[in-house]
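Please brief me on this model.

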Amino acid sequence: MALGDSYAAGQGAAPYTDQTCFVSRRGYPVIADNLRGLELTANAACSGYTIGVVAGNLPASLAGAEIITITVGGNDLDTTGLLATCFAAPDACLGAAAVRAAMLQDARDNPSISALVQGLAGLSLAVDAQAPGARIVFTGYPMLFDPTFPDPRAGVVNQLTAGLNDVIRLTALGTGAEFVDVAPAFAGHGIGSAEPWINFNAATIQDPANFHPNGEGYRHGYFASLVGKLTGQ
């Protein structure tokens, strides 16, 4: 069973089986379905989903799941809006991203990030209550930009992503769930690299695929990281 936002749905790896939620057969949950001994019962992820939306729409079929993957949290920090700001108004981007990054560094004392932590913890506990005994696996997000990308905005956005990943990891582990860090698998494949696994159409920043993994990213980044966790490799 897969829950979460656009990264769990497979946005960025067209074609889509659901044009509203951008659910793709090339997303990591469907690829994982091909793993021997693992059957995807449902992909309940959807583009734009926040933690609260996921928690409020847990499917009844969750009760029979043995492994539940969750990718969520980015929309709670309005990362899409931030990225749009970054390329429309660079100076504003640096300020906004720096503020969010600082908030993540001091999560306990910041109301906005405390709500993020509480939401993630509540979601994990709600899933566990509905599917007791299931492995609950949260995934993080990849660094979007290659370190060589010639723009100061890239480093700030990556810093924000790293902070978000830390919050998700610590919160997941604190509730007894597991965490998969996908950032190492994406290393060398960010925007600006020789072989990017992240979509980036500079001419059309509003392109729905922008800042999401392509098929290679979902297969060799998310799926490979998830399999490594599930199989202990």
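Helices (H or I, at least four residues) and strands (E, at least two) are DSSP runs, numbered from the N terminus. By that scheme, Asp146 sits in the loop between E5 and helix H7 (152–174). This is a predicted model: local features need pLDDT of at least 70, side-chain atom pairs count only at pLDDT 80 or more, and totals for chains, interfaces and linings use all residues. Residues are numbered from 1 along each chain as its sequence is written, and side-chain values use heavy atoms, with hydrogens and water left out.

**Sheet**

- Four strands make an open sheet with parallel pairing, in the order E1-E4-E5-E6. Two strands pair if DSSP finds at least two bridges between them.
- Strand E1 (2–4) and strand E6 (178–180) are the edges, and each pairs on one side only.
- On average, neighbouring strands of this sheet are turned by 25° against each other, direction ignored. Axes are lines fitted to C-alpha atoms, for helices over the stretch in contact, and angles run from 0 to 180 degrees between N-to-C directions.
- E5 and E6 run parallel and are joined by three bridges. Val137 stands opposite Glu178 in E6.
- H7 packs on the sheet and touches E5 and E6. The direction of H7 makes about 155° with that of E6.

**Disulfide**

- The structure holds one disulfide (a pair of cysteine sulfur atoms within 2.5 Å).
- Cys21 and Cys46 form it, with their sulfur atoms 2.0 Å apart.
- The link of Cys21 and Cys46 is left-handed, with -85° about the S-S bond.
- Cys21 lies in the loop between strand E2 (16–18) and strand E3 (23–24), and Cys46 in the loop between helix H2 (28–32) and helix H3 (51–56), so the pair ties together parts that are 25 residues apart in sequence.
- Buried means under 20% relative accessible area, exposed over 50%, partly exposed in between (1.4 Å probe, protein chains only). Cys21 is buried at 13%, and Cys46 is buried at 6%.

- Thr139 belongs to strand E5 (residues 135–139). Thr139 counts as buried because its relative accessibility is 2%.
- Beyond four places in sequence, the contacts (heavy atoms within 4.5 Å) of Thr139 include Tyr28, Ile168 and Tyr222.
- Asp146 is buried, at 10% relative accessibility. A polar contact of 2.4 Å joins its side chain to that of Thr148.
- Not counting residues up to four places away in sequence, Asp146 touches Gly188, Gly190, Ile191, Gly192 and Ser193.

**Backbone exceptions**

- Most residues other than glycine have a negative phi, and most peptide bonds are trans.
- The peptide bond from Ala14 to Pro15 is cis, with omega near 5°. Pro15 is in the loop between helix H1 (6–9) and E2.
- Phe22 has a positive phi, near 60°. Phe22 lies in the loop between E2 and E3 and is buried at 17% relative accessibility.
- Phe211 also has a positive phi, near 65°. Phe211 lies in the loop between helix H8 (183–186) and H9 and is buried at 6%.

Technical notes:
Polar contact = N/O pair within 3.5 Å; in protein donor to acceptor, adjacent residues only side chain to side chain.
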